[in-house]
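Colleague: Could you take me through the salt bridges in this model, with a close look at one part and its surroundings? I would like to hear how the partners sit and what else they meet.

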Amino acid sequence: QVQLVESGGGLVQPGGSLRLSCAASGSITSINRMGWYRQAPGKQRELVARITNGDSTNYADSVKGRFTISRDNAKNTVYLQMNSLKPEDTALYYCNVGARTTGSYIYWDYWGQGTQVTVSS
């Protein structure tokens, strides 16, 4: 019902930047939140950043001041601008969307397939 397509991951040197994108499509009638999570090997998945439909944002302490989340409501797309990347930012990054679809009164969680971010010299 909802498809999430992520892009923008890759290999970057410490101090570099990347921009992740996630486009949502399908029988969407409303989106109330969009966000990014990440999971490093051997670790639990953690919230990186989230933005609501009122443009309220929250960030993990480890990325505050370096990452910026934004969204384009017309395109159902969320972005994550990542600056000053560190090796500890290396992880599989997942897009997460809370969306309501045709015929549903409930917002469900949807997940992307993940995009790899590797920070290494």
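Modeller: Happy to. Let me start with arginine 38 and glutamate 46, whose side chains meet in a salt bridge at 2.7 Å, N to O; the term stands for a side-chain nitrogen of Lys or Arg within 4 Å of a carboxyl oxygen of Asp or Glu. Before going on, please keep in mind that this is a predicted model, where local features need pLDDT of at least 70 and side-chain atom pairs count only at pLDDT 80 or more, while totals for chains, interfaces and linings use all residues. Residues are numbered from 1 along each chain as its sequence is written, and side-chain values use heavy atoms, leaving out hydrogens and water.

Arginine 38 is found in strand S4, residues 28-39 (strands are DSSP runs of E, at least two residues, numbered from the N terminus). Arginine 38 counts as buried because its relative accessibility is 6%, whereas glutamate 46 is partly exposed at 35%. Here buried means under 20% relative accessible area, exposed over 50%, and partly exposed in between, with a 1.4 Å probe and protein chains only.

The arginine 38 side chain also has polar contacts: one with the side chain of aspartate 89 at 3.0 Å, and another with the side chain of tyrosine 93 at 2.9 Å. Such a contact is a pair of N or O atoms within 3.5 Å; within protein, one must be able to donate a hydrogen and the other to accept it, and residues adjacent in sequence count only if both atoms are side-chain atoms. Leaving aside residues up to four places away in sequence, arginine 38 touches, among others, Val48, Val63, Phe67 and Leu92, contact meaning heavy atoms within 4.5 Å.

Through shared partners, salt bridges join Arg38, Glu46, Arg66 and Asp89 into one network.

The structure holds five salt bridges. Another of them pairs aspartate 61 with lysine 64, the closest N and O atoms being 3.1 Å apart; aspartate 61 and lysine 64 are both exposed.

Key:
Helices (H or I, at least four residues) and strands (E, at least two) are DSSP runs, numbered from the N terminus.
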